[in-house]
Amino acid sequence: MAFRSGRRLGWVAFFCGPAAVLYTVFVVVPLATALWYSFYGWQGTTRGAPAGMANYAAVLGDYPYQEQVLKAFWHNVVFFAGTMLVQNTVGLGLAVLLHRNPRGKRMFQTLYSLPYLISPLVVGYLWSMMLSPAFGPVNAGLQAVGLDGLTRPWLGDPAIALPVVVLVNAWQWIGCPMLIFGAALAAVPAEMEEAAVIDGASAWKAFWQVRFPLIMPAVGAVTLLTFVGCFNVFDLVFALGGSSGGPGQSMDVLGLLFYRIAFQGGVNAIGLSSALAMVMFVVVFGVALVVDRSLRRREVPW
Amino acid sequence: MVSTAPRIGRAVGVQVLLWAYAGVAFGPLLLVLLGSLRGNREIMREPLGLPTSPTFENFGRAWANASLSTYLLNSVVITVAAVTLCTVISLMAAYPLARWRFTGRALLAAYFLSGLMLPIKLGVLPIFYMFQSMGLVDSRIGLTLLYAAGGIPFSVFILMAFLRGLPTDIEEAARIDGVGELRLFRSIVTPLSRPAIATVAVFQLAPTWNDFFFPLILLRSSEKYTIPVGLSRFFGEFSTDRGALYAGLVLAVLPLVVVFVMASRQVVAGLTAGIGR
C-alpha cells in the first residue's frame, strides 16, 4: 500500500472504530454478560453468591421448570418435524411441478413467496382473524360448502392448536424451500434421469433414486434453516396464542418460556432465564452443527 | 412414448394444482384487503364475502383512534435511522478490512463476522439492565442503536465481499495525486459501492421493520411504540372492531411491500454484483 504504516493504524481506528464500539457494546458484551449472569444466584436485580451450575440444574431438573422446559422443547420438536413434513414436502412438490412446467414459473414463484415479506407477528394476527370461530372466513367458507362438521375453534382447541400453528408457519415460509429446491433442480442435468427412465425405471422411481440424491445439498440447507427457524420461533406463537402459549399451553415453545421466566419469573428470574438462554443456544448451535455434518456426509458426488 | 391425450391431461392437472396453491398463498391476503373495505355489521353477518358498499371508514378508525399513525411514524424513523447508521459504519469498517493490509486485519474481520451466528435476542436481559443504567429504556434512540449494532455482522460481511472485488487502480491513482483518505472514501469508494449498499440497506430493512421482541421489552409508553408492538396492543384493545383490525393489518404490511416493489431491481442488481465475480 502506498502510505506509511504509522498513519495507517490511525486510519484503521477511524474507519473501524464506530462499528467495533457499537457491535461490542450492544452485541458481544450483552451475550457474554448473559453467560456470566447464569452462574450466579439473584435476588431480583441484586447479584448473590456464585452458584456454579445451580441455575442450570434448577431449570433442567426442578419443579416446575423441568416440566415446562421439557414440554416447550417437545413442542419445538413437533413444530420442527411438522414443518419438515408439510412445508418442505409441499415446497419440494411445487418446485418439481414448476421445474417440469416452466410456463408462468416466475409469476407462481412470486405469488408463493409473497407471504414471507410479512412479519411473523402480522401473519399470526392475520390467521387469528381468518380462523376466528364465529367471524372468521375459514369457518364461514366451510359452512358455505356444507362442511359444517369441520368447523371448529381452530386456535382454541388444545388438541389441534399446535398443528394449526405448523400450517400457518408453513404458509408463510413455503417460498423458501420452493426457491432453494427449484435452483437445485435446475442445476441437475436432465439426461441422468432420462437415462434411468429409458432403462425402465418409472418416473417416480427415477426422481427419488436419481435426481433426489443429487439435490441433497439443498435438502441439507433447507433442513438447517428450518431447524434454526423452528427453535427460535416467538412472534408467530405470541400472536396466535399470547405469551402464555395458547389454550392449555398447547403451543408453548422455548422462546415464550424464556420470555416468561425472564420478565414474569420469580426472585431468581435473571439467573434462571440466563441459564435457559445458554441451554437454548447450545442446543440449537450444537444440533445445527451435527445436522450439517451428517447431511454433508450423505451428499452424492457427481 | 406417451400419447398426446394423457399428456395434455397431465399438463392441465399440473396447472390446476399450481393455481390451487396460488389461491392458498394469496387468498388470505386478498381476504384481509377485502375485509378492510367492509363495514363491521357486514363482516359479522357474513365473514366471507365481497364488500357490497366499499368504505374507508375502517382505515380512519385504525389510523386515528388506534394511533396506528403514531406507530407507523415511529417505525419509519427508527428503521431509517438504524439502517442508515448501520450501513454507514459498516461500509467504513469494511473498507480497510477488505482493501488494506495491516496486522490484526484477519482477526478483526473474524470478530465482526462471528456475530453472524450469535442470537442477539438471548442477550436481552443484560441489554435491558444496561439500557436502564444508560437511561435508554423506553427510548427510540436506544432501540435504533441496538438495531444498528445487530445489523453490523451481516452488513460488514456483504460489503467486504463486494469491496474485495473492486479494482484498485482508481484508488492508487487518487492517492498518488495526493487525495486525502477521507475524500477518497467519500468520493470514490462510496459511489463505487452503491449496488452493495442498496443490497445491505434493503436486507436490513425487513428484519428491523418487523422486529417485535425488543420493542416489546424495551418500550413502555405507547406514543413510542413501533408498528409490531402497536399492533399487538391494538389487537387487544380493538378485538371486537374487526373492520379496523383488517385495516390495521393492511397498514402494517403496505409500506414494506411498496419498498420492495420499488427496490426489487436494485436488490437483484446488488445481489448479482456481489455474486458475479
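Below is a chat about a predicted model with chains A and B.

Me: Hi! Before we dig in, what kind of model is this?
Reply: Hi! This is a predicted model.

Me: Thanks. How many residues of chain A are in contact with chain B, and how many of chain B with chain A?
Reply: On the chain A side there are 56 residues, and they are in contact with 67 residues of chain B.

Me: Which elements of chain A give two or more residues to that side?
Reply: They are helix 1 (5-37), helix 3 (65-100), helix 4 (105-113), helix 5 (120-130), helix 6 (137-144), helix 13 (254-264) and helix 14 (269-297) of chain A.

Me: And where does the largest share come from?
Reply: Helix 1 of chain A gives the largest share, with 18 residues on the side that touches chain B.

Me: What classes of residue are on that side of chain A?
Reply: The side of chain A that touches chain B has 45 nonpolar residues, along with nine polar and two charged ones.

Me: Let's switch to chain B. How many helices and strands does chain B have?
Reply: Chain B has 13 helices and zero strands.

Me: Is chain B compact or spread out?
Reply: Chain B is more spread out than a compact globule, because its radius of gyration is 24 Å, well over the 19 Å that the globule rule gives for 277 residues. The C-alpha trace of chain B spans about 75 × 70 × 35 Å along its principal axes.

Me: What percentage of chain B counts as buried?
Reply: Of its 277 residues, 38% count as buried. As for contacts in chain B with a separation of 6 or more, 78% of them are between residues 24 or more positions apart.

Me: Could you pick one residue of chain B for me? I'd like to look at B:A244. Where is B:A244?
Reply: You'll find B:A244 in helix 13 (residues 242-275) of chain B.

Me: Is B:A244 buried or exposed?
Reply: B:A244 counts as buried, because it has 24 C-beta neighbours inside 10 Å and the cut-off for buried is 20 or more.

Me: Which residues does B:A244 touch, leaving out those up to four places away in sequence?
Reply: B:A244 touches B:N58, B:R61, B:A62, B:A66 and B:F238. As for B:T226, which is 18 residues apart from B:A244 along the chain, the two C-alpha atoms are separated by 18 Å.

Me: Back to chain A, then. At what angle do helix 3 and helix 7 of chain A pack?
Reply: Helix 3 of chain A and helix 7 (residues 161-173) of chain A pack at an angle of about 50 degrees, and their axes are 9 Å apart. That makes helix 3 of chain A oblique to helix 7 of chain A. The crossing of helix 3 of chain A past helix 7 of chain A is right-handed.

Me: Which residues meet there?
Reply: From helix 3 of chain A, they include A:H75, A:V78, A:F79 and A:G82. Among those they meet in helix 7 of chain A are A:L162, A:P163, A:V165 and A:W173. The residues of this contact between helix 3 and helix 7 of chain A divide into ten nonpolar, five polar and no charged.

Me: And helix 8 of chain A? How does helix 3 of chain A cross it?
Reply: The axes of helix 3 of chain A and helix 8 (residues 175-187) of chain A come within 8 Å and cross at roughly 45 degrees. Helix 3 and helix 8 of chain A are therefore oblique to each other, and helix 3 of chain A passes helix 8 of chain A in a right-handed crossing.

Me: Which residues should I click on for that one?
Reply: In helix 3 of chain A, they include A:N88, A:G91, A:L92 and A:A95, and among those in helix 8 of chain A are A:P177, A:M178, A:F181 and A:L185.

Me: What is phi at A:Q249?
Reply: Phi of A:Q249 is near 55 degrees, a positive value in a residue other than glycine. A:Q249 is in the loop between helix 12 (235-241) and helix 13 of chain A, and A:Q249 is partly exposed, with 18 other C-beta atoms within 10 Å.

Me: And what about B:D138?
Reply: B:D138 is not a glycine, yet it has a positive phi of about 60 degrees. B:D138 lies in the loop between helix 6 (124-134) and helix 7 (140-164) of chain B. With 14 other C-beta atoms within 10 Å, B:D138 is partly exposed.

Notes
Residues are numbered from 1 along each chain as its sequence is written. Chains are lettered from A and ligands numbered from 1 in the order in which they are written. This is a predicted model: local features need pLDDT of at least 70, side-chain atom pairs count only at pLDDT 80 or more; totals for chains, interfaces and linings use all residues. Two residues are in contact if their C-beta atoms, placed from the backbone, lie within 7 Å. Helices (H or I, at least four residues) and strands (E, at least two) are DSSP runs, numbered from the N terminus. Ala, Val, Leu, Ile, Met, Phe, Trp, Tyr, Cys and Pro count as nonpolar, Asp, Glu, Lys and Arg as charged, and the others, Gly among them, as polar. The radius of gyration is taken over C-alpha atoms; the globule rule is 2.2 Å times the number of residues to the power 0.38. A residue is buried if 20 or more other C-beta atoms lie within 10 Å of its own, exposed if 12 or fewer, and partly exposed in between; C-beta atoms are placed from the backbone. Axes are lines fitted to C-alpha atoms, for helices over the stretch in contact, and angles run from 0 to 180 degrees between N-to-C directions. Angles under 35 degrees count as roughly parallel, over 145 as roughly antiparallel, 65 to 115 as roughly perpendicular and the rest as oblique. A crossing is left-handed if the near helix is turned anticlockwise from the far one by less than a right angle, and right-handed if clockwise.
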